[in-house]
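Reader: I would like to work through a structure feature by feature. Please give the general idea each time, and then the case at hand.

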Amino acid sequence: MTSLDGFFDTRPEAPVRIDRWTILILFGTIAALELATALFREINWDEFHFLSLVFEYKRASLSLALQTFHVHLFSWLTLLPTDEIGAIAIARCLMWLLHLATLWFLFKTAESLVSIRGALWATVLYATLSFVMRSATSFRADPIITALLMGALFGLTRDRLPLRLLILSALAVTFAGLISIKAVFYVPTITMVAVLQLVRIHDKVLLRNMVIALAIAVAAFAILFLCHSASLAQVVSQAGNTLTSVYNKQLVDSNLFYGARFLAYSLAVDALQWSVICAGIGLAVARTITNSGAERLRALTILSFALPLLCVIFYRNSFPYFYVFMMAPVAVVGALAADKLGSLSKILGAIPVIFVALAVGHAIPEFQRGQSAQQSLISAVHQLFPDPVPYIAQTGMVASYPHAGFLMSTWGIEEYRDRGEPVLLHAIEKERPLFVIVSGPALSAALEPGTVSIDADEGLLPADIAALKENYVRHWGPIWIAGKQLPATGGSEATFAIHIPGPYSVTADAPVEIDRRLVLPGDVVELAGGTHSYRGGVAALRRGRNLPVPAREPPTAIFTGF
């Protein structure tokens with residue numbers, strides 16, 4: 001034991017009999033799998049959204065202050081000579097480095113509380129959880145704030161707690177809170193660890209230093225948040241109202257165990273890891289009840305690391321990526337079971353090796369979910385529209401282009417339907433998006449009826465569905481171009497409305513009349529906003545000057561899940 005020596009355990013620590021090469025192979029395998037995942041695994045829709053916020057900030061159109069502080073950390077991504085896929089792959093490599101930092105903080109924290117063997121078990125246990133293997137390097141807030149908060153816990157569990165270390169730990173929590181408000185879920189653990197350290201050391205100077213560090217953290221949060229808000233070009237959304245909305249949606253109005261299906265999956269697939277965690281919790285509870293003094297403090301400290309598990313009960317977004325954040329401190333509790341299980345038999349002592357072997361088995365199918373479909377789609381968009389133009393999609397998938405409408409996550413759809421406003425209709429009238437990417441269930445149900453099955457309260461409003469159908473036509477796979485389908489008029493004259501003015505290419509089997517002028521198939525006509533006349537057979541209008549149709553086969557699925 002490297003710190004808190006003799007405080008937590010009155011018995012001498014059993015020697016660690018783990019070959020150095022075994023440790024290197026275990027962690028080398030984990031690191032290699034995570035790096036391969038970062039480079040080649042399918043990109044989730046919210047990773048595109050995370051990147052789109054960065055581009056939105058650079059375009060001086062970002063108006064939301066909460067949970068967007070990361071735009072300052074990643075603004076350099078907009079300067080890279082690559083597309084959105086390449087930018088996210090590079091950002092994922094940084095997430096990989098942050099994940100390695102998380103593993104280091106986890107190891108050192110567990111080592112200070114239990115033993116080296118327990119620390120190794122805890123680190124391998126966390127790293128090999130199936131959801132962690134999938135999402136630890138994703139370009140989201142979770143890997144960033146997990147590294148920061150585990151760094152804060154690492155600082156608070158040191159044997160000595162000088163003021164500078166307390167300030168660094170407090171600032172780590174500050175930055176995590178600026179990036180994502182879910183950092184608050186670590187506060188009970190951090191508070192309990194700090195209080196137990198005060199009880200252990202029983203030093204007024206330490207209490208004073210903790211108060212100073214807390215004051216500095218609060219001041220830093222306020223200053224940085226105000227500076228971030230001031231850097232936004234548009235009027236900032238009311239932070240208080242936004243925070244209240246988040247609180248109500250994620251905690252108050254959410255059903256308990258909203259993510260129960262993901263928890264059930266993890267319990268089944270990661271049964272061995274969960275068994276070790278449960279054993280650690282059981283040992284910690286037993287020692288809290290049966291012991292007193294230093295042993296009870298030790299058990300309570302370890303048990304406090306299990307508090308984030310309660311999030312799955314009430315937190316709405318307990319999705320797979322959340323396990324990267326939630327399970328890092330929880331793994332420390334599993335470390336308590338390491339010495340007990342490792343001393344029972346050599347087979348049980350080899351459990352970390354089994355963890356890694358199972359992780360390899362879980363990782364291999366994940367590599368089949370590659371980025372080829374997403375790369376094909378992004379390349380097609382850049383081919384059709386070399387310069388940034390507004391568009392509609394489930395998320396800001398083409399981050400370098402302005403995204404019109406709203407984020408069509410499950411939460412986004414719920415808020416949209418609660419408001420009851422035809423957001424897409426208003427976007428078409430004001431922002432005039434030139435294309436739609438049909439990539440989410442709501443858009444698929446609207447433009448491709450029968451391809452997906454969704455509940456009535458999960459779809460778009462009728463006014464928005466009508467606006468999409470009236471103003472866009474399919475061009476290539478999931479890409480729909482601004483345009484019109486004109487039915488045959490049978491010799492009489494009909495009218496149609498244009499909401500997105502500009503040049504339109506005509507596709508028809510024979511000449512037609514538009515605004516009482518003869519138009520040949522393939523001609524380009526300039527159409528102003530408003531009502532126009534039409535006479536002729538079936539025809540289609542597509543915004544643009546005979547935009548090319550990519551020769552390759554279009555992708556059939558853009559996002560296949562978490």
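Author: What follows goes from the overall build to single residues. This is a predicted model, in which local features need pLDDT of at least 70, side-chain atom pairs count only at pLDDT 80 or more, and totals for chains, interfaces and linings use all residues. Residues are numbered from 1 along each chain as its sequence is written, and side-chain values use heavy atoms, with hydrogens and water left out.

Reader: How many helices and strands does the protein have?

Author: Helices (H or I, at least four residues) and strands (E, at least two) are DSSP runs, numbered from the N terminus. Here there are 23 helices and twelve strands. The C-alpha atoms fill a box of roughly 95 × 50 × 40 Å along the principal axes.

Reader: What share of the residues is buried?

Author: Buried means under 20% relative accessible area, exposed over 50%, and partly exposed in between, with a 1.4 Å probe and protein chains only. Of the 562 residues in the protein, 52% are buried.

Reader: Which residues touch the most other members of the largest nonpolar core?

Author: A nonpolar core is a set of buried Ala, Val, Leu, Ile, Met, Phe, Trp, Tyr and Cys residues joined through side-chain atoms within 4.5 Å. The largest one has 161 residues, and Y126, M327, I392, F435, L460, L468 and I514 touch the most other members. Helix α16 (residues 322-342) gives the largest share of this core, 16 residues. L460 touches residues including F406, Y416, A446 and L468, not counting those up to four places away in sequence.

Reader: I514 is on that list. Which residue stands opposite I514 in β9?

Author: Two strands pair if DSSP finds at least two bridges between them. Strand β8 (residues 512-514) pairs with β9 in the antiparallel sense over three bridges, and I514 stands opposite R517. These strands belong to an open, antiparallel sheet of four in the order β6-β11-β8-β9. β6 (494-498) and β9 (517-519) stand at the edges with a single partner strand each, so one side of each has no neighbour in the sheet.

Reader: What should I look for in the backbone angles?

Author: Most residues other than glycine have a negative phi. D515, in the loop between β8 and β9, has a positive phi of about 55 degrees. H202 has a phi near 50 degrees and is found in the loop between α9 (187-201) and α10 (204-230).

Reader: Are D515 and H202 buried, partly exposed or exposed?

Author: D515 is partly exposed, because its relative accessible area is 28%. H202 counts as exposed, at 71% relative accessibility.

Reader: How many disulfides are there?

Author: A disulfide is a pair of cysteine sulfur atoms within 2.5 Å. A search of the whole structure finds zero. For C278, the nearest cysteine sulfur is that of C311, 17 Å away.

How values were computed: Contact = heavy atoms within 4.5 Å.
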